[in-house]
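Please keep the sequence and the view at hand while reading.

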Amino acid sequence: IDDIEIYVKNVPLAEISHWLTDTMGAVEMIKSGNTVHDWQVTHGDHIVPVLVVERAVGKVWTSIWFKTSGTPWKDDTECAQSLHARQACQVRCNSGPWQEGAAMDEWWQIDERGEETIILWPNAQ
């Protein structure tokens, strides 16, 4: 896996930062705009660039994109489960690696109660 991207619903930026600090290490703000934030996280001997985009989908979904490997998770789903364990929030990610002919809008979701499902998104809000 070269990168990881998850989408989280209604979780404040500060809570995302605390989760990253607790699971990976020091978070440094590189650049911050109104909704787009460039961070880097030091995880062991890796510097992991992270792009956080608030309101990436609708007004409630924040994208968290780890632009390189070096995270503690093997895939998007494991990362989403880590954030859910901390926040008991709704998290979505791609249902698996994209393949030619595969549906682009099939997503894996874990809801506030911890129930995992495959949904079609962005159609399912």
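How many disulfides does a search of the whole structure find? The model shown here is a predicted one, and the search of the whole structure finds 0 disulfides. A disulfide is a covalent bond between the sulfur atoms of two cysteines.

Because the sulfur of C89 lies 11 Å from the closest cysteine sulfur, which belongs to C79, that pair is too far apart for a bond. C93 is likewise in no disulfide, with the nearest cysteine sulfur, again that of C79, 8.1 Å away. Both residues are shielded in the model: C89 counts as buried at 5% relative accessibility, and C93 is buried with a relative accessible area of 0%.

## Helix α2 and its surroundings

Helix α2 covers residues 76–87, and its 12 residues reach 17 Å from the first C-alpha to the last, which is close to the 16 Å expected at 1.5 Å a residue. At its N-terminal end the helix is capped by D75, where a side-chain oxygen lies 3.2 Å from the backbone nitrogen of T77. After the helix comes A88, whose phi is positive, near 50°.

Which residues of α2 are buried? They are D76, T77, C79, A80, S82, L83 and H84, and what covers them includes the helix α1 (13–23) together with the strands β1 (4–9), β5 (61–66), β6 (91–94) and β7 (106–110). An α-helix has 3.6 residues a turn, so residues three or four places apart point the same way.

E54 has its place in strand β4, which spans residues 46–57. Although E54 is buried, this residue has no salt bridge, and the nearest side chain of opposite charge, that of R55, is 5.1 Å away. Setting aside residues up to four places away in sequence, E54 touches L13, N34, T35, H37, W61 and T62.

V50 lies in strand β4 as well, and V50 is buried, with a relative accessible area of 0%. With residues up to four places away in sequence again left out, V50 touches H37, D38, W39, V41, I64, W65 and F66. Between V50 and C93 there are 43 residues of separation in sequence and 16 Å in space, taken from C-alpha to C-alpha.

## H43 in strand β3

Strand β3 runs through residues 36–43 and includes H43. A polar atom of the H43 side chain lies 3.2 Å from the backbone oxygen of M24. Apart from neighbours within four places in sequence, H43 is in contact with T23, M24, G70, T71 and P72.

## Salt bridges

The structure holds 5 salt bridges. One of them joins D111 and R113, whose closest N and O atoms are 2.9 Å apart; here D111 counts as buried at 7% relative accessibility, whereas R113 counts as exposed at 66%. Elsewhere, salt bridges that share partners join K74, D75 and E78 into one network.

K74 is exposed, with a relative accessible area of 56%, but D75 counts as partly exposed at 22% relative accessibility, and E78 is partly exposed with a relative accessible area of 27%.

How values were computed. Residues are numbered from 1 along each chain as its sequence is written. This is a predicted model: local features need pLDDT of at least 70, side-chain atom pairs count only at pLDDT 80 or more; totals for chains, interfaces and linings use all residues. Side-chain values use heavy atoms; hydrogens and water are left out. Helices (H or I, at least four residues) and strands (E, at least two) are DSSP runs, numbered from the N terminus. Buried means under 20% relative accessible area, exposed over 50%, partly exposed in between (1.4 Å probe, protein chains only). Lys and Arg count as positive and Asp and Glu as negative; His and the chain ends are not counted. A salt bridge is a side-chain nitrogen of Lys or Arg within 4 Å of a carboxyl oxygen of Asp or Glu. Contact means heavy atoms within 4.5 Å. The expected span of a helix is 1.5 Å times one less than its number of residues. A polar contact is a pair of N or O atoms within 3.5 Å; within protein, one must be able to donate a hydrogen and the other to accept it, and residues adjacent in sequence count only if both atoms are side-chain atoms. A disulfide is a pair of cysteine sulfur atoms within 2.5 Å.
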